[in-house]
Amino acid sequence: MTRSHINLDLDSIADELKSIVGDRWVITQYELMESYLKDETPDPLRPKPAEKLVLVKPSSTTEVSSILKFANNKKIPVFPVGGRTGLVGGAVPTEPGIILSLERMNKIEIDKENLMAVAEAGATLGDLIKSAEDANLFFPPHPGDEGAQIGGLVATNAGGARAIKYGVMRNYIKGLEVVLPTGEILSFGGKLLKNNTGYNLMQLIIGSEGTLCVITKAVIRLFPKSKSMITLIIPFKNRSDALKSVPEILRSGSMPLAIEYVQIKEIMKAAEHLNENWPVQEGVAQLIIILDGISQEELLLTCEEISRICESNNAIDVMLAESSEEQNKILRIRSNIYTALKPDMIDILDVVVPPRSLRKLMDEVDKIASKYGVYLPTYGHAGDGNLHVHIMKEDVKNLDIAKKIKNEVYKVAISLGGVITGEHGIGKLRIENLDLVLNSKHIEIMRNIKRIFDPNNILNPHKVLPSTYVE
């Protein structure tokens with residue numbers, strides 16, 4: 001029997017879920033779950049949610065297990081959701097079924113002795129950052145929206161601006177507690193810095209986008225708090241000089257926390273969106289460089305070296321922000337470029353290439369823009385070769401043209417040794433492009449792994465993997 005033939009009785013599903021979590025934590029009124037039906041994917045491409053849905057909010061791993069056992073027995077689709085900050089429709093409930101929100105599971109414990117946090121999946125990135133800071137510790141990555149939840153950050157292997165020095169979410173997960181679609185509870189790793197026991201299934205789960213299991217808890221590595229931090233804004237008259245500077249900075253031995261590339265038009269729009277002033281209004285392209293270290297003297301020496309490199313590549317000037325207030329404002333404005341552009345956007349691409357190939361990538365993006373007579377705003381994480389190319393409504397009048405532009409950008413990135421996504425993932429939107437990067441055998445192996453974890457295909461079905469799942 002295929003799922004299309006299953007007639008879901010929402011009342012009986014709701015009754016069963018209420019028996020597990022209590023009446024208060026099961027919602028059937030569609031208008032009360034509207035914020036759970038979408039993520040931050042641009043409106044023109046966001047998948048349409050199903051209509052027959054029940055929202056459930058468990059408070060424990062045991063309750064999650066009971067929910068999944070019930071759903072698996074009845075072959076009811078389950079869609080785990082976190083903060084719904086994703087950009088590829090990965091959390092949108094696209095079939096009738098159950099929306100599973102772990103927002104009530106939001107406890108965080110800090111182990112200062114072992115430099116670890118134990119966080120439930122519903123805790124937010126903001127909660128984790130604050131808990132670490134209160135213990136005089138530091139969570140190095142900053143994967144973006146601080147409303148994102150830990151379970152979602154792990155499930156999508158979130159990256160962000162600071163990945164160049166400290167890596168992505170995968171580099172900080174030392175243990176996981178998960179619930180399989182069949183209801184079994186598994187624990188991987190722990191407060192360990194080494195673990196070589198069997199196949200590393202934990203790493204397989206990180207980045208699986210909610211298709212293999214439900215993450216309920218994570219053990220996260222922390223670091224001592226940085227003694228000093230400095231942010232530089234370096235404007236250039238042209239993009240080529242800015243991007244040429246990036247690999248030279250990396251080769252110099254300096255290892256910034258972040259090297260962000262922005263264009264003046266977009267960063268000014270983000271500042272205006274927040275009713276703030278961007279501190280450097282010169283140049284066409286700018287690098288935002290964040291440094292951390294054990295002393296201000298050490299950082300100032302690094303600033304001198306980075307300034308020398310950038311000035312040799314025709315930088316206009318170097319602005320240095322030392323106060324935490326100024327640095328936080330710069331990061332806040334940078335982090336809101338997407339929010340400022342989103343109302344006028346069709347799609348945001350997430351290509352990544354070797355950092356040395358950034359100039360070639362952008363040159364080709366310019367050629368594509370010229371070919372179609374459009375402007376393609378681009379910014380992103382230059383230090384790790386991950387740039388976001390935007391396709392805007394103002395210039396692109398229909399989705400067919402947007403698709404052609406996307407495919408051409410993807411092919412350019414792949415030709416330069418890159419891939420189609422560095423941090424956003426596949427979700428629902430990028431499935432049709434997966435075979436540009438992965439061959440049929442690779443996809444077959446992924447599909448077989450999905451079947452082992454989720455034999456009835458109940459968990460976030462028809463995300464990540466192309467083609468219809470064979471029941």
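In this predicted model, F138, F139, Y166, Y172 and F223 form one aromatic cluster. A search of the whole structure finds four aromatic pairs. A pair of aromatic rings is described by the distance of the centres and the angle of the planes.

One of these pairs joins F138 and Y166. The ring centres of F138 and Y166 lie 6.1 Å apart and the ring planes meet at 80°, so the pair is edge-to-face; planes over 60 degrees apart are counted in that class. F138 belongs to strand β7 (residues 137-138), whereas Y166 belongs to helix α5 (residues 163-166), so the pair ties together parts that are 28 residues apart in sequence. Both F138 and Y166 are buried.

Y166 also forms an aromatic pair with F223, and here the arrangement is tilted, with 6.0 Å from centre to centre and 55° between the planes. This pair links distant parts of the chain, for Y166 sits in helix α5 and F223 in strand β11 (residues 223-224), 57 residues apart. How buried or exposed are the two partners? Y166 has a relative accessible area of 18% and is therefore buried, since the limit for that class is under 20%. F223 has a relative accessibility of 24% and so counts as partly exposed. Y166 thus takes part in the pair with F138 and in the pair with F223.

Which residues make up the patch of positive charge? K244, R251, R356, R359 and K360 gather there. Two helices, α7 (239-251) and α12 (358-372), each supply at least two residues of this positive patch. R251 is placed in helix α7. With a relative accessible area of 56%, R251 is exposed, because the class of exposed residues begins over 50%.

D9, D11, D15, E16 and D23 form a negative surface patch. Among them, D11 is located in helix α1 (residues 10-21). The relative accessible area of D11 is 58%, so D11 is likewise classed as exposed.

Taken together, the description covers an aromatic cluster that includes F138, Y166 and F223, a positive patch that includes R251, and a negative patch that includes D11.

Definitions and conventions: Residues are numbered from 1 along each chain as its sequence is written. This is a predicted model: local features need pLDDT of at least 70, side-chain atom pairs count only at pLDDT 80 or more; totals for chains, interfaces and linings use all residues. Side-chain values use heavy atoms; hydrogens and water are left out. Patches are made of residues with over 30% relative accessible area and no salt bridge: like charges are joined within 9 Å, nonpolar side chains (Val, Leu, Ile, Met, Phe, Trp, Tyr) within 5 Å. Accessible areas come from the Shrake-Rupley method with a 1.4 Å probe; for residues, only the protein chains shown count as cover. A salt bridge is a side-chain nitrogen of Lys or Arg within 4 Å of a carboxyl oxygen of Asp or Glu. Lys and Arg count as positive and Asp and Glu as negative; His and the chain ends are not counted. The place of a charge is taken as NZ of Lys, CZ of Arg, CG of Asp or CD of Glu. Helices (H or I, at least four residues) and strands (E, at least two) are DSSP runs, numbered from the N terminus. Buried means under 20% relative accessible area, exposed over 50%, partly exposed in between (1.4 Å probe, protein chains only). Rings of Phe, Tyr and Trp (its six-membered ring) pair if their centres lie within 6.5 Å; planes under 30 degrees apart count as stacked, over 60 as edge-to-face and the rest as tilted.
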